Amino acid sequence: MVAAKKHVPIVKKRTKKFNRHQSDAYKCVPSAWRKPKGIDNRVRRRFKGQAAMPSIGYGSNRKTRHMMPSGHKAFLVQNPNDVELLLMHNRTFAAEIGHAVSSRKRIEIIAKAKALGVKVTNPKGRVSTDA
């Protein structure tokens, strides 16, 4: 497994989720963000003390966007041949085995990744040897 390339520090401007206005007050209003559209809405009008609305300023640095703490970016792998795609990019991307991949194929993928020096983010999934 190869270490990731040097990169600028990963800074998350906001880690909390943006919750929909009044989703805490009403069970029928889900928490998934929707922009308030009302003419008198205090969140839309950005009154002091109200919930913050998502805006482009909360975006991450383009160089560190989608980056894991290890410095790699995830690349979904479904079969052993997909690992070969990461051979020249093993310092930038790490293999992530898809959730529907069988345990037999997982063992093959992990073996191939080890031979090629590719990091696997979830190597322990479905390969334990408990009888």
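Leu 85 sits in the loop between helix H1 (80-84) and strand E2; helices (H or I, at least four residues) and strands (E, at least two) are DSSP runs, numbered from the N terminus. With a relative accessibility of 55%, Leu 85 counts as exposed, where exposed means over 50% relative accessible area, buried under 20%, and partly exposed in between (1.4 Å probe, protein chains only). Leu 85 and Phe 75 are 10 residues apart in sequence, and their C-alpha atoms are 9.7 Å apart in space.

This is a predicted model, in which local features need pLDDT of at least 70 and side-chain atom pairs count only at pLDDT 80 or more, while totals for chains, interfaces and linings use all residues. Residues are numbered from 1 along each chain as its sequence is written, and side-chain values use heavy atoms, with hydrogens and water left out.

**Aromatic pairs**

Rings of Phe, Tyr and Trp (its six-membered ring) pair if their centres lie within 6.5 Å; planes under 30 degrees apart count as stacked, over 60 as edge-to-face and the rest as tilted. By this rule there are 2 aromatic pairs.

| Pair | Centre to centre | Angle between planes | Class |
|---|---|---|---|
| Phe 18 and Tyr 58 | 5.0 Å | 65 degrees | edge-to-face |
| Phe 75 and Phe 93 | 6.4 Å | 70 degrees | edge-to-face |

Phe 18 and Tyr 58 both lie in the segment before strand E1 (73-77), so their pair ties together parts that are 40 residues apart in sequence. Phe 18 is buried at 18% relative accessible area, whereas Tyr 58 is partly exposed at 32%. Phe 75 is partly exposed at 27% relative accessible area, and Phe 93 is partly exposed at 28%.

**Nonpolar core**

A nonpolar core is a set of buried Ala, Val, Leu, Ile, Met, Phe, Trp, Tyr and Cys residues joined through side-chain atoms within 4.5 Å. The largest one has 10 residues: Val 77, Val 83, Leu 86, Ala 95, Ile 97, Val 101, Ile 109, Ala 113, Val 118 and Val 120. Strand E2 (93-97) and helix H2 (103-116) are the elements that give two or more residues to this core. Apart from neighbours within four places in sequence, Ala 113 is in contact (heavy atoms within 4.5 Å) with Val 83, Val 118 and Val 120. In soluble globular proteins, nonpolar side chains tend to be buried together.

**Largest pocket**

The largest pocket has a volume of about 160 Å³. On a 1 Å grid over the protein atoms alone, a pocket is an open set of points where a 1.4 Å probe fits, with protein on both sides within 12 Å along at least five of seven lines, and lining residues have an atom within 4 Å of a point. The volume is the space filled by probe spheres set on the points, which are joined across faces, edges and corners. The lining consists of Lys 5, Lys 6, His 7, Val 8, Lys 63, Thr 64, Met 67, Gly 71, Lys 73, Arg 91 and Thr 92. These residues divide into 2 nonpolar, 4 polar and 5 charged; Ala, Val, Leu, Ile, Met, Phe, Trp, Tyr, Cys and Pro count as nonpolar, Asp, Glu, Lys and Arg as charged, and the others, Gly among them, as polar.

**Backbone**

Most residues other than glycine have a negative phi. Arg 46, not a glycine, has a positive phi of about 60 degrees. Arg 46 lies in the segment before E1 and is exposed, at 66% relative accessible area. His 66, also not a glycine, has a positive phi of about 65 degrees. His 66 is placed in the segment before E1 and counts as exposed at 69% relative accessibility.
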